[in-house]
Amino acid sequence: MLLDAVGISTAGKTAEAVHAEFQRAGFFLTHLLECPMEGGGSLPADAKAALNGRLAALATRIRRSLKPKRVMAIAEELAVVVDNILALDLGCPLMLDHGKPFRLEGVGGKNGALQLREALAISARG
């Protein structure tokens, strides 16, 4: 879904070629946690603490290594820490979807990938 949102097709391409195209387009994907959270689709009770525990390291990595022009929070699980992410010094603006992380899956009849694509287009213009 993310590749669709940024306009990258995987048809007939190796994973390496898709990754190279993604980066040439100016995108880099990083995770807040290195391992997936257990919980069968729902956030465990200690999820907020686990996410908060990695925010400082992520902010440092974004500032020192990645040095992006903007950061987009993508995943509804980040909603529990979005205020703390906003308080970080990322060295660039944090883009949100009306104060919440972007969702790739649609909600309430909205196409999440389309909303992300529109936000990227607006950001590129401005």
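What covers the buried residues of H5? The model is a predicted one, and the points below should be read with that in mind.

1. The cover over the buried residues of H5 includes helix H1 (2–5), E1 and E2. The buried residues of H5 are Gly 112, Ala 113, Leu 116, Ala 119 and Leu 120. Seen down the axis of H5, these buried residues fall within an arc of 125°, so they line one face of the helix. On the other side of H5, Ile 122 and Arg 125 are exposed.

2. The length of H5 was also examined. With 14 residues at 1.5 Å a residue, H5 should span 20 Å, and the C-alpha atoms at its ends are 20 Å apart, which agrees.

3. The next point concerns the nonpolar interior. In soluble globular proteins, nonpolar side chains tend to be buried together. The largest nonpolar core here has 16 residues, and those that touch the most other members are Leu 32, Val 71, Leu 78, Val 81, Ile 85, Leu 90 and Leu 94. Helix H3 (47–66) and helix H4 (82–86) are the elements that give two or more residues to this core. The largest share, five residues, comes from H3. A second, separate core of 14 residues includes Val 6, Ile 8, Phe 22 and Met 95.

4. Leu 78 deserves a separate remark. Apart from its neighbours within four places in sequence, Leu 78 is in contact with Leu 32, Ala 73, Ile 85 and Pro 101.

5. One aromatic pair is counted in the model. Its partners are Phe 22 and Phe 27, with 5.4 Å from centre to centre and 35° between the planes, and the pair is tilted. Phe 22 has a relative accessible area of 9% and is therefore buried.

6. Arg 103 is in the loop between E2 and H5. Its relative accessibility of 28% places Arg 103 in the partly exposed class. The side chains of Arg 103 and Glu 76 are joined by a polar contact of 3.1 Å. Not counting residues up to four places away in sequence, Arg 103 touches Gly 112 and Ala 113 as well as Glu 76. Arg 103 and Leu 2 are 101 residues apart along the chain, and their C-alpha atoms are separated by 9.7 Å.

7. Asp 97 is buried, with a relative accessible area of 19%, whereas His 98 is exposed at 75%. Because buried means under 20% relative accessible area, the value of 19% puts Asp 97 in the buried class. Leaving aside neighbours within four places in sequence, Asp 97 is in contact with Phe 102 and Gln 115.

8. Backbone angles form the last point. Most residues other than glycine have a negative phi. His 98, although not a glycine, has a positive phi of about 55°. Ala 75 also has a positive value, with phi near 145°. Ala 75 is found in the loop between strand E1 (71–72) and H4, and its relative accessible area of 26% makes Ala 75 partly exposed.

Terms used:
Residues numbered from 1 in each chain as written. Predicted model: local features only at pLDDT ≥ 70, side-chain atom pairs only at ≥ 80, totals over all residues. Heavy atoms only, no water. Core = buried A, V, L, I, M, F, W, Y, C linked by side-chain atoms within 4.5 Å. Buried < 20%, exposed > 50% of the residue type's maximum accessible area, 1.4 Å probe, protein only. Helix = DSSP H or I, 4+ residues; strand = E, 2+ residues; numbered from the N terminus. Contact = heavy atoms within 4.5 Å. Expected span 1.5 Å × (residues − 1). Arc of directions from axis to C-beta. Phe/Tyr/Trp six-rings, centres within 6.5 Å; stacked < 30°, edge-to-face > 60°. Polar contact = N/O pair within 3.5 Å; in protein donor to acceptor, adjacent residues only side chain to side chain.
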